[in-house]
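Please keep the sequence and the model in view while reading.

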Amino acid sequence: MPTFSATSTAPVNIATLKYWGKRDVKLNLPTNSSISVTLSQDDLRATTTARASDRYTQDKLWLNGTREEIEKKPRTLTVINELRKARAEMEKADPSLPGLASLKLQIVSENNFPTAAGLASSAAGFAALVNAVALLYKLPHSPTELSVLARQGSGSACRSLFGGYVAWEMGSKDDGSDSQAVEVAPIGHWPSMKAAVLVVSAAKKDVSSTAGMQVTVHTSTLFKERITNVVPQRFEKMKKAIIDRDFPEFARLTMADSNQFHAVCLDSEPPIFYLNDVSRAAIRTVEAINAAAGKIIAAYTFDAGPNCVIYYLEENEQAVLSGLSCLNGVSGFPQVSAAASGDDRWSQQ
Ligand code: PMV
């Protein structure tokens, strides 16, 4: 049998309404729904090639040039098993298909940006892996159906299956089948959204998001208030701000949600610190940019790390970037990325 191969890229998404907390750790089921903007994969992307061959004797995985022990990565194993199961069902229904489900896989994945530094590397990585294997297996799944598989690798990965503005609906079923990503709006709806990525530190974060979330879920009282009384309303308001193309409202909600996410981290026991002094200086700089403009033209947000993403509209690029240029401690740039269109979300070979 020949070697079968498929390559896919997947973009990074940066949440504007944060996912923080799991109600089921094994299935990656969240305690709240979340929203993100997908960034252009011209700038930040994961590229994954999946090969299947009868010459391979075991499944193997390389991440950024380093061989990983796949058997020690239960989430990766789960995702691969689910994809294999879907292929096996196709082969059962159509016996003329080549028997790929029984072949071992070799998977090679690369990010073109720092891994595990709070820049959504696992989101892009798992989305690219799911896309590559789904292409290899020629699965008929829609992006929403694939998002259910990607979610089991890394929760936020489900949102990288779409370009544009994306919601991850937490769902209510115990098996997670309705915990999935859906499009809020394609980027064409509000195409002038841009993101400046400030790399404050490329170091690996010291508390992984999975570990951090569980500490928060079990110890923070503020967290209970957040998931009960804040996020459900914010989820609806943010979707409306996107549909209405209301940047000040979108920005206010984005900044408030980043701040509350980092507040519940601080409210955890032991406390979790993801922001550093440069991050806080970035917040003050964005406040100053908005004050100088006399209206909200920029919104900061931080994931589980000190790096900052600033959303703004293209027409305000000069004011935002020149305001950011006085910030010290950022390596090399703001790297500017357009939000991604849905059309080019996957490349394939
Ligand atoms: O998907 P994970 O396990 O990498 O968690 C992501 C958590 C945040 O990036 C902080 C928030 C989010 O919604 O992306």
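Q: Among contacts in the chain between residues at least 6 apart in sequence, what percentage join residues at least 24 apart?
A: The share is 75%, where a contact requires two C-beta atoms, placed from the backbone, to lie within 7 Å. This is a predicted model, in which local features need pLDDT of at least 70 and side-chain atom pairs count only at pLDDT 80 or more, while totals for chains, interfaces and linings use all residues. Numbering starts from 1 along each chain as its sequence is written.

Q: Why is L129 called buried?
A: A residue is buried if 20 or more other C-beta atoms lie within 10 Å of its own, exposed if 12 or fewer, and partly exposed in between, with C-beta atoms placed from the backbone. L129 has 28 such atoms within 10 Å, and is therefore buried. Its contacts beyond four places in sequence are T48, V79, I107, S109 and G153.

Q: What makes up the largest nonpolar core, and which residues touch the most other members?
A: A nonpolar core is a set of buried Ala, Val, Leu, Ile, Met, Phe, Trp, Tyr and Cys residues joined through C-beta atoms within 7 Å. The largest has 93 residues, of which A127, V130, V133 and I310 touch the most other members. Helix α2 (residues 121-136) gives the most, eleven residues; helices are DSSP runs of H or I, at least four residues, numbered from the N terminus.

Q: Where does I310 make contacts, leaving aside neighbours within four places in sequence?
A: The partners of I310 include A195, L198, V286, Y300 and L324.

Note on methods:
Helix = DSSP H or I, 4+ residues; strand = E, 2+ residues; numbered from the N terminus.
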